[in-house]
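Please look at the sequence and the model shown below.

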Amino acid sequence: MRKFLCLCLGLAIGLFLLGPVSPVRADDPIKIGLMGPVTGDWASEGQGMVQVVEILAAEINAAGGINGTQVVVEVGDDGGTPRTAAMAAQKLLSSNVVAVVGTYGSSVTEATQDIYDEAGVIQIATGSTKISLTGKGLQRFFRTCPRDDEQGRVLANNVKSLGFTKVALVHDNTSYSKGLADEAREIFKAIGVGEVYYDSIVPNDRDYTVSLTKIQAANPDVIVFTGYYPEAGLLLRQKRELGFNVPMIGGDATNNSSIVEIAGKEAADGYYFVSPPALPDMKSESAAKLMATYQEKYGTLPSSVWSVLAGDAFLVLVEAVKAVGPDSAKMAEWLKTGLKDFPGLSGSITFDEHGDRVGEVYRLYKISPDGQFVIQ
Amino acid sequence: MYDLNFFLQQLSNGLTRGSIYALIALGYTMVYGVMKLINFAHGELFTLGAFFGYTLLVTLGLAGSLGPPLAIGLSMIMVLGLVALAGHLLERVAYRPLRHSDRLAAVVSALGASIFLQNAIMLKWGAQYRAYGADLLPNVVFRVGGFNLPLVRLLVFVAAVVVMAFLHAFIHRTRLGLAIRASAIDQGAAKLMGIDVRKVIALVFVIGPALGGLAGLLVGLYYGQINYNMGQLYGLKAFTAAIIGGIGNITGAMVGGLLLGLLEALGEGYVSVAWKDALTFVVLIMILVFRPTGLLPERVAEKL
């Protein structure tokens, strides 16, 4: 018995010693980190990120890898909190990743930016929309998601391109809604769209007929509402009851199917809103392919756009390795100067000198007579 | 811009809103008149009415199987009955055992009942917004002069006024009404005259909640969207209306509700939405400064 134990121990020690001296192969896999909230409040987002990126990695490896080298995704769980994220970042760095995809929350990303920067590793955030993240002069930080100010710009530009000239701007005094309204207001001034009405409504008041009557008296040709879907539904419904036929357009907080239930199909018909597109509405071929694979593997679609943007971050990193090899300094340089109009899942991707994505992710939607959200 | 049509339109906006406040305010004022107790759970009884209506009309699909007019009539009656029952149970459980204790005990019990009911509604129906179908009532809009008068709005206003007229007649023309008025003036003397005050209190706790529940159903029908904590805001507004009118006075609650609706609509229409509540409460304070007991105070000789 003793002998047997000694043998076992000997074998174990032998294997342990053998491990590190196993020969280094010339085609060591390329490691790309993925930091996401796999657990915690945003777990569905984090799990979506992992699922999407792993599907894409498997496809690339099946097709022969990057220039013949296999790619490995190392997952670090940030738990949706800055503290856990710092540990996840250390874990990813110690496994020698060349670049990291992630993460979702802005505050979580912010906690890890310096850690990756000091280690000289590229980070591409996928859901962190806080404006200041790219304003710190970090040379290796990028993001595939829009910035918070993009929505206001897209909203305002769409109002203009739909041919409206006199807007009534309505917000609900929450910081999101008022911020968006003020953002749009600045741009309306700049692009020459007149404002005939600007005021708030009180969420939960339910009766907005007084505001609507006042708006009617101001005679706008469109109502821009930057609040949430319960109030948007009521505004549409009461607008119709008052016989006030003017189009209405809103932001991504109204992207919820309840708006049709509350307003009724007839009143909701023709309502516009801007929102990042859902996966089925992304026009690219790669998105269609991802959708099919994802559907087959998980029986549903990714629950949000943010996991698809993680897929985009992964794809541009793969592209960078293809172009200049797995060297993060060269890759970062190439992402800023060499990458132009890369056909990503969510559309074409180009980064500016701050690491922000050039072009717009937000799309215009319109509610059809049967209550469907149709991308324009 | 602010012409006569604008004024008339805002007037009708305000009256609709006000008639709902008035219906809810009646519940506060009746209970206060008899028991000298603010029923803080009244806002939740109102919410309960909205959700009973939702279950009847949407979940059970009465509107689909009976046709809207019959379904709405039937659900009005059922909501009146169900919320009256809930009000009665509330009185039995939360208030009756405390009738002879300290006034403060009853107030705390009322607050507790309010929290309990709100959470019970949330657990039963969920925390999300629920929508009454928009096709329950036809969208007919009458054009009167230069302004628009939707049929739904007319229905809400007429329903509220009819119910209030009935209540007024009941209080002033029937023996039960007389008993309620007598109990409000002096419970001890009423008892000596052979009035069963306990029954009067039970009756008040049936009528008040029923009217609140009806208001909930009307809000569901008119605005089409309800959620579990809607009673807080409406309760507060209706309570304010009861104070403006003179709490304890039934006509006062009706006048106070309509006045509050008008004040809000005109404040919102002519000044700004952000200032609406500030203006309304400035008026409330003025009324209380010059008439501390409200516009139509309960007179000792002719209470209720």
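The points below are grouped by topic, and they describe a predicted model.

**Background on the backbone**
- Most residues other than glycine have a negative phi, and most peptide bonds are trans.

**A cis peptide bond**
- In chain A, the peptide bond that runs from Gly102(A) to Thr103(A) is cis, and its omega is near 15 degrees.
- Thr103(A) belongs to the loop that lies between strand E3 (99-101) and helix H4 (106-119) of chain A.

**Positive phi angles**
- Asn67(A) is not a glycine, yet its phi is positive, at about 45 degrees.
- Asn67(A) sits in the loop between helix H2 (43-62) and strand E2 (71-77) of chain A.
- Asn67(A) counts as exposed because 12 other C-beta atoms lie within 10 Å, and the cut-off for exposed is 12 or fewer.
- Lys36(B), also not a glycine, has a positive phi of about 55 degrees.
- The loop between helix H1 (4-35) and helix H2 (42-59) of chain B holds Lys36(B).
- Lys36(B) has 13 C-beta neighbours inside 10 Å, so it is partly exposed.

**Where chain A touches chain B**
- The contact involves 28 residues of chain A and 27 residues of chain B.
- On the chain A side, at least two residues each come from strand E7 (194-200), helix H7 (209-218), helix H8 (229-241) and helix H9 (258-263).
- H7(A) gives the most to this side, with seven residues.
- By type, the residues on the chain A side are eleven nonpolar, nine polar and eight charged.

Terms used:
Residues are numbered from 1 along each chain as its sequence is written. Chains are lettered from A and ligands numbered from 1 in the order in which they are written. This is a predicted model: local features need pLDDT of at least 70, side-chain atom pairs count only at pLDDT 80 or more; totals for chains, interfaces and linings use all residues. Helices (H or I, at least four residues) and strands (E, at least two) are DSSP runs, numbered from the N terminus. A residue is buried if 20 or more other C-beta atoms lie within 10 Å of its own, exposed if 12 or fewer, and partly exposed in between; C-beta atoms are placed from the backbone. Two residues are in contact if their C-beta atoms, placed from the backbone, lie within 7 Å. Ala, Val, Leu, Ile, Met, Phe, Trp, Tyr, Cys and Pro count as nonpolar, Asp, Glu, Lys and Arg as charged, and the others, Gly among them, as polar.
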